[in-house]
Amino acid sequence: MTHPNPSINIGCWHAGESPPEPFDASVQAALLNVTRPIYVIEHPHGLAVSQSGTAELCEGAGAAGRGMPLRAFVPPLHPQGLGDCVFKTTHGLRYAYVAGEMANGITSVRMVAEAGRAGMVGFFGAGGLMVPEVEEAVARLQIEAPKIPFGVNLIHSPGNPELEMALAELFLRRSVRLVSASAYVEPNLPLVYLRAKGIHRAIDGRIVCPTQLIAKVSRVEVARKFLAPPAEKHLARLVELGRISSEEAALAASVPLAADLTAEADSGGHTDNRPALTLLPTMLALRDEVSARHAYVRPPCVGLAGGIATPESTAAAFALGAAYVLTGSVNQCCVEAGTSEAVCAMLAEAGQADVAMAPAADMFELGVKVQVLKRGTLFPYRAAKLYELFTAHDSYDQIPVKQREALERDFFRCSFDQAWEQTQRFFMQRDPKQVERARTDPKHKMALVFRSYLGRSSNWAIQGEPTRRIDYQIWCGPAIGAFNQWAKGSFLETPQNRRTVTVAMNLLYGAAVVTRANWLRAQGLAVPGSAVSVRPLELAEIRKRIDASS
């Protein structure tokens, strides 16, 4: 192993408790030992590595004869050192790692609690659930895992703003301090209410926001609105309604609507399929621009989601400047996920190309799509067919007879009238005004029945309904394929061995190894890929390796 310019040294090294070993034979072990420094020494017999001793970093020190020439130096990097310290301190975390929300409780109470106990944070997947179901989950978290960080998701429901406000009121009533806002294209009254209610000045003059809102976005124009203070029209309306005071409105006008922001790249579920390599730098630059304009005391932290599935992708996210990483797809096949064993098995077999975009149940009429698994299920093709028929016809009766017969036989497995009865009962519980509209608008009636199939398809998957396996809707992105490839041949290849914290710690520990290898490369050393290969490790082994200096 040679250096491109052997004459360049960065200082000198003084021997420690163990002698240096040849670079080629010892660099991998040194990289894996992330809590110890790495000294690369110009030894008479070639480059050598030591993890003990002392170094003087000064130009020409080796030539001065005060010690052996030091070619490169890499400091320790505990996984806790990854990410932004401001983000970790603000939310009381040891690790800059977020278990992202997956709707219908797939990111379960159990998963959120496990992440919190490990020094990370998880967001309960409240999307698609009724207010009492969400309140029950919040109560369980507050009882079963007190004093640990946790959050809850608030997903945009364009057809049901009353539900969003009811959830906002629930979060405030139950003192939920961390809320993730997802699938929004425009901030609205419930979000501003969450952020502004209870805002006050501390004794030292700092503005304190009881609710920390983390927005998950993939578009610059949407991010700009979340990074800016709440819109004046929303604050004024909340004051008019008596929901906040004029003092709260004035203070809220000087802080960003989102305390932090997750740049969502090519992910599962709602996604714009944006490439992380271009999305994150753009969001960071936008954050800096908006923060400077408003002179924020504490600018929002920006994390990255979408594609976080291997040590390399995790390290890349932090190298790009991500304050934290957020995972989703790789958690869905963990044992704590609120889904069926059948789904976990299907996900464990998926490759990176085994995903597709399909119409979303919650924003069907708007043409919004979600990314789902296509391997082993016909859901994406059937969902696309429903949207095609919806856009082409003004009522169900206008659809050609043969196509209606196929829908009733293969999709609904009952007549359209029977499907409508089921759909009507569902919406009478959740959003009665949709039923009222459908009674006078046949196109909307058709849309609700189609949406019912889309919504039930995710429940069939979660419940593992064997007779509906071909219709499973499983939200995931290409990250699941990358994870499966990395885990192949290891204990993590088996779904039953996948646990949220084990997966998380493997990604973080592996990212620390990869980052240190890149620091060596940045100093001109050729580090072979084989030396940076980090295979999945049992959680106990990772803790053994990193706890020595914790």
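Student: Which residue follows α19, and is its phi positive or negative?
Tutor: Gly 489 follows α19, and its phi is positive, near 85°. Bear in mind that this is a predicted model.

Student: Which ones are buried?
Tutor: Ala 479, Ile 480, Gly 481, Phe 483, Asn 484, Trp 486 and Ala 487.

Student: What do they pack against?
Tutor: Four helices: α11 (311–320), α12 (329–332), α13 (341–348) and α20 (500–522).

Student: Which core members touch the most others?
Tutor: Met 120, Phe 171, Phe 226, Phe 412 and Phe 450.

Student: Take Met 120. What is it in contact with, leaving aside neighbours within four places in sequence?
Tutor: Met 120 is in contact with Leu 93, Tyr 95, Tyr 97, Ala 115 and Pro 149, and also with Val 501, Ala 504, Met 505 and Leu 508.

Student: Changing topic. How many cavities of 30 Å³ or more are there?
Tutor: The count is 1. The largest cavity holds about 40 Å³ of space.

Student: What lines it?
Tutor: The lining of the largest cavity is Ile 106, Gln 332, Thr 339, Val 343, Ser 458, Ala 461, Ile 462, Gln 473, Ile 474 and Trp 475. By class that is 6 nonpolar, 4 polar and no charged residues. Helix α18 (residues 442–463) gives the largest share of this lining, 3 residues.

Student: And the second largest pocket, how much space lies in it?
Tutor: About 570 Å³. It is lined by 16 residues, and Ile 207, Cys 209, Val 255, Val 297 and Arg 298 are the closest to its centre.

Student: How does that lining divide by class?
Tutor: The second largest pocket has 10 nonpolar, 3 polar and 3 charged residues in its lining.

Student: Last one. What is the average pLDDT, and where does it stay under 50?
Tutor: The protein averages 93, and 97% of the residues score at least 70. Residues 1–5 stay under 50; the model has 11 contacts for them beyond four places in sequence.

Terms used: Residues are numbered from 1 along each chain as its sequence is written. This is a predicted model: local features need pLDDT of at least 70, side-chain atom pairs count only at pLDDT 80 or more; totals for chains, interfaces and linings use all residues. Side-chain values use heavy atoms; hydrogens and water are left out. On a 1 Å grid over the protein atoms alone, a cavity is a set of points where a 1.4 Å probe fits but cannot get out, and a pocket is an open set with protein on both sides within 12 Å along at least five of seven lines; lining residues have an atom within 4 Å of a point. Grid points are joined across faces, edges and corners, and a volume is the space filled by probe spheres set on the points. Ala, Val, Leu, Ile, Met, Phe, Trp, Tyr, Cys and Pro count as nonpolar, Asp, Glu, Lys and Arg as charged, and the others, Gly among them, as polar. Buried means under 20% relative accessible area, exposed over 50%, partly exposed in between (1.4 Å probe, protein chains only). Helices (H or I, at least four residues) and strands (E, at least two) are DSSP runs, numbered from the N terminus. Contact means heavy atoms within 4.5 Å. A nonpolar core is a set of buried Ala, Val, Leu, Ile, Met, Phe, Trp, Tyr and Cys residues joined through side-chain atoms within 4.5 Å. pLDDT is the predictor's confidence in each residue, from 0 to 100.
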